[in-house]
Amino acid sequence: MSEKKFLKNESVIPFIEGLAGGRKVLVPVCEGDAVIYRPYRKDCRLELTRMPTISPKDATFPRTETLMTFKQAPVAKTEGDGEGDSDAQPKLELTETLPEEKVVVFGSRPCGARGKSIFTRVYETEDVKDPYFIGRRDNTLFVSIACAAPETTCFCTSVGGGPADTTGSDVILIPVDGGYVAEAVTEHGAELLQSDLLTSGADKAGEAEAVIQKSMELLGDADDFSIAREKLIELFDNDEFWFDMSAKCISCGTCTYLCPTCYCFNITDETAGKSGKRIRTWDTCMSNMFTMEASGHNPRTSKANRLKNRVGHKFSYYPSLHDKVIACCGCGRCIKSCPAAVDIREIVKSAQEYEDVNE
Ligand code: SF4
Ligand code: SF4
């Protein structure tokens, strides 16, 4: 990492306003009881101490985005009669709408910024290049705030992250007395820290280290999820286990919508007259409709099967395909906001500890 700089508390707003030159700046703001990312406005209720309720994934993977627009081209006229050629097939004119907007997410948590690395393994491969995700990811910078006070629902250290993890961030800010120690993670991050509002933070390095050390202590011992891949496969056909684990679930989908690593979507064409647009929208595997086929057949009718898919995907199927990387960054949003108190950590631990009494 680069040299340490210091951003005083009173310089945070001027720094954010400086970022806004040429970029949209998303910041966490209070709305009711929730903390939501919104474009920065002078009168917004900025909240930098609480973990945002939603993840910042909307910045790189919007909940709804237009992939292209289309309209029916005029049918060519036949020479002489002034009428359209009745045999001609109508043609569609397509216009792709690639993302170009430059964005900075200020005040994400390290786990939220890490989420896009899970997307990259799926949306930017040798065979698949998703220009919408890649475009937004490359146009979006993350200025993340390290976690000084993790919550009881946090478990980033159990899934490869940490309170000052820099994966996916361009700048990391560590809260210390009077402000933040700022370090650039990428070249773009270093450019952001060129601001005159920052001073040298060399003398604050020890304090910043102590903050992260304290945070690690508060997180406690990391859980070992290394045998989850095999155990979840072993339990694939154990209906009793999954009915038990999903008994409380009400299939609301909150867990997937708040998750920084859930990347499923649906595609819809919306038309008005002879024109329209193709839109992509977040989808949730916790919905009964997610796997509904056109024939009417649905391979996942029970919530037990749907929860098995969600947990199995994150802790078994995805890691098996992607160098054992778990598709969860331990942010705990799905635990904290689940109306039925379903805890993904407990499900994985139960799977790992499961012993078949009939064997
Ligand atoms: S948030 Fe909880 S109740 Fe809602 S779908 Fe997820 S696990 Fe089920
Ligand atoms: S599964 Fe839960 S804890 Fe893991 S990244 Fe998603 S919301 Fe966070």
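Colleague: What distance separates the centres of domain 1 and domain 2, taken over C-alpha atoms?

Modeller: This is a predicted model. The protein chain is divided into domain 1 (5–73 + 93–219) and domain 2 (228–353). Taken over C-alpha atoms, the centres of domain 1 and domain 2 are separated by 25 Å.

Colleague: How much area do domain 1 and domain 2 bury between them?

Modeller: The two domains meet through 40 residues of domain 1, in contact with 41 residues of domain 2. Carbon and sulfur atoms hold 60% of the area buried between domain 1 and domain 2, and that area is about 3,500 Å².

Colleague: Which element gives the most to the side of domain 1 that touches domain 2?

Modeller: Across the interface of domain 1 and domain 2, the rule finds 21 residue pairs in polar contact. On the domain 1 side, strand S4 (64–73), helix H2 (110–123) and helix H3 (131–139) each supply at least two residues. With 10 residues, the element that gives the most is H2.

Colleague: With which residue does aspartate 323 form a salt bridge?

Modeller: Four salt bridges are found across the interface of domain 1 and domain 2. For aspartate 323, the closest N and O atoms of its salt bridge are 3.3 Å apart, and the partner is arginine 121.

Colleague: How far from aspartate 283 is the nearest side chain of opposite charge?

Modeller: Aspartate 283 is found in the loop between strand S12 (275–282) and helix H9 (303–321). Among the residues that aspartate 283 touches are Tyr257, Cys264 and Phe290. Aspartate 283 is buried yet has no salt bridge; the nearest side chain of opposite charge is that of arginine 300, at 9.5 Å.

Note on methods. Residues numbered from 1 in each chain as written. Chains lettered and ligands numbered in written order. Predicted model: local features only at pLDDT ≥ 70, side-chain atom pairs only at ≥ 80, totals over all residues. Heavy atoms only, no water. Helix = DSSP H or I, 4+ residues; strand = E, 2+ residues; numbered from the N terminus. Buried < 20%, exposed > 50% of the residue type's maximum accessible area, 1.4 Å probe, protein only. Lys, Arg positive; Asp, Glu negative; His and termini not counted. Contact = heavy atoms within 4.5 Å. Domains from an automatic or database assignment. Buried area = accessible area lost by both parts, 1.4 Å probe. Polar contact = N/O pair within 3.5 Å; in protein donor to acceptor, adjacent residues only side chain to side chain. Lists of a residue's contacts leave out its neighbours within four places in sequence.
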